[in-house]
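Biologist: Could you take me through this complex? I would like to discuss the contacts between the chains and then the ligand.

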Amino acid sequence: MTLLEARDVALSFGQTPALRGATLSAQPGEIVAIMGPSGSGKSTLLHCLAGILVPDQGEIWFDGQRIDTMNESRRSLLRRDRFGFVFQFGQLVPELTAEENVALPLLLGGVRRPAALRRARPWFERLGLAGLERRRSGELSGGQAQRVALARGLVAEPGVLFADEPTGALDTLTGEQVMDLLVSSAREQGTTVVVVTHEARVAAYADRQVVVRDGKVNALVTA
Amino acid sequence: MSVPLTLLGLLERKPGHGYDLKRDYDTFFSRGKPLPFGQVYATLGRLARDGKVVIGDVEPGVGPDRKRYVITDAGATEVDTWLTEPVEAEPHLQAVLFTKVVLALMLDRPAEDYLDTQRGVHLRRMKELTELKRTGTLVDAMLADHGLFHLEADLHWIDVTVARLDALRQVVRA
Ligand SMILES: Nc1ncnc2c1ncn2[C@@H]1O[C@H](COP(=O)(O)OP(=O)(O)OP(=O)(O)O)[C@@H](O)[C@H]1O
Ligand SMILES: [Mg+2]
């Protein structure tokens with residue numbers, strides 16, 4: 001069974017072709033790493049899969065629904081309710097405390113504040129962040145902020161977590177801690193993960209690795 | 001991994017029986033390939049012959065395990081020299097990959113496919129090592145990391161080689 005799929009997707013930015021017939025699918029609970037050189041189309045593919053960008057050609061399917069033909073408001077609801085996101089940096093809201101940042105997807109989804117904060121709090125213990133609940137993002141180290149972002153990506157128990165270079169701004173050991181937590185938490189919740197990285201050591205945490213080159217996906221024979 | 005030097009190193013901590021040495025060796029250095037007892041005793045015999053260990057008190061009874069081995073000054077010096085000198089940076093794997101790539105280009109074979117296959121093999125090994133790291137002991141994790149960084153370096157080399165294949169083809173086919 002396939003949970004998420006890009007079928008023969010093409011997308012250009014003006015004259016620049018970013019994707020030229022990219023095909024990729026993920027099974028429920030599967031962790032897929034997208035690797036490839038800079039500018040090859042990794043982030044563009046991730047954004048298409050997540051319903052952030054609409055391809056010029058091809059189809060995107062999630063949970064039996066074609067999402068590239070949905071209107072923007074339905075896609076936006078889908079992103080809010082079924083997807084989680086972690087990016088390389090700059091994604092925490094600086095005005096909010098760490099626990100409010102974690103609770104944000106729940107608050108946006110209509111969960112009331114006390115309940116949302118109650119669900120956010122256990123993530124701090126779990127990700128080794130106990131005691132930092134009330135800090136603002138400017139008062140966290142890069143690795144701490146990235147773990148807060150990870151908690152925020154997973155707190156609503158999304159069907160799919162999309163992560164674009166989640167360890168890109170971290171040193172080796174901190175990056176590996178974040179990946180380890182990402183993989184264990186996703187496995188525990190049964191969350192499917194699509195993670196973009198150009199680092200093989202990060203990709204090695206995934207169940208399956210693919211390489212994007214010139215806007216196309218090459219499956220690696222690793223199994 | 002040099003078995004004689006490792007056993008000598010273990011003996012430098014404290015004198016021990018062949019059995020203790022095998023147990024410690026297997027715990028830290030064997031990576032799932034236990035050292036056969038025969039090899040332990042043969043190695044200790046050679047070290048004794050070469051004056052790097054001596055046999056301390058022999059306990060009553062039969063069998064090789066009555067002997068307790070003690071490192072000599074010569075043995076300790078050898079361990080020290082070995083630990084102090086850096087090991088040769090291993091260029092072997094890269095040499096093999098390079099040879100294959102150049103030959104593939106000379107013979108007009110698909111060098112890029114070959115490198116992609118190699119990338120897959122490397123990543124599969126990296127996945128195994130990462131799993132070992134996530135589930136194993138700290139010792140497992142540290143050894144796995146060493147392997148992971150080396151494999152990653154090979155992959156970087158594969159990446160830049162793929163990017164330079166056209167240029168390399170022109171050089172080797174000129
Ligand atoms: N918003 C945009 N406007 C114009 N061109 C874009 C835009 N986003 C991406 N591109 C172009 O599309 C191509 C693919 O970009 P993409 O960001 O998907 O690459 P990437 O594989 O994620 O690279 P990196 O590893 O550097 O993040 C590139 O040529 C890039 O310049
Ligand atoms: Mg990118």
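Modeller: What follows covers the chain interface and then the ligand site.

Modeller: This is a predicted model, in which local features need pLDDT of at least 70, side-chain atom pairs count only at pLDDT 80 or more, and totals for chains, interfaces and linings use all residues. Residues are numbered from 1 along each chain as its sequence is written, chains are lettered from A and ligands numbered from 1 in the order in which they are written, and side-chain values use heavy atoms, with hydrogens and water left out.

Biologist: How many residues of chain A and chain B are in contact?

Modeller: On chain A there are 22 residues in contact with 18 residues of chain B, where contact means heavy atoms within 4.5 Å.

Biologist: And what area do the two chains bury between them?

Modeller: About 1,600 Å² is buried between chain A and chain B, 55% of it on carbon and sulfur atoms. Buried area is the accessible area (1.4 Å probe) that two parts lose on being put together, summed over both.

Biologist: How many salt bridges are there between chain A and chain B?

Modeller: The count is 5 salt bridges, each defined as a side-chain nitrogen of Lys or Arg within 4 Å of a carboxyl oxygen of Asp or Glu. A:Arg213 forms a salt bridge with B:Asp116, with the closest N and O atoms 3.5 Å apart.

Biologist: Which elements of chain A supply at least two residues to the side that touches chain B?

Modeller: These are helix H7 (172–189), helix H8 (200–203) and strand E9 (208–213). H7(A) gives the most, with 6 residues. Helices (H or I, at least four residues) and strands (E, at least two) are DSSP runs, numbered from the N terminus.

Biologist: Turning to the ligand, which residues surround ligand 1?

Modeller: Ligand 1 is surrounded by A:Phe13, A:Thr16, A:Ala18, A:Pro37, A:Ser38, A:Gly39, A:Ser40, A:Gly41, A:Lys42, A:Ser43 and A:Thr44, a residue being near if one of its heavy atoms lies within 4 Å.

Biologist: Where do oxygen atoms of ligand 1 approach side-chain N or O atoms?

Modeller: An oxygen atom of ligand 1 is 2.5 Å from an N or O atom in the side chain of A:Ser38, and the distance is also 2.5 Å for the side chain of A:Thr44. At A:Ser40, a polar backbone atom is 3.2 Å from a ligand 1 oxygen.

Biologist: Which element gives the largest share of the shell around ligand 1?

Modeller: H1(A) does, with 3 residues.

Conventions
Polar contact = N/O pair within 3.5 Å; in protein donor to acceptor, adjacent residues only side chain to side chain.
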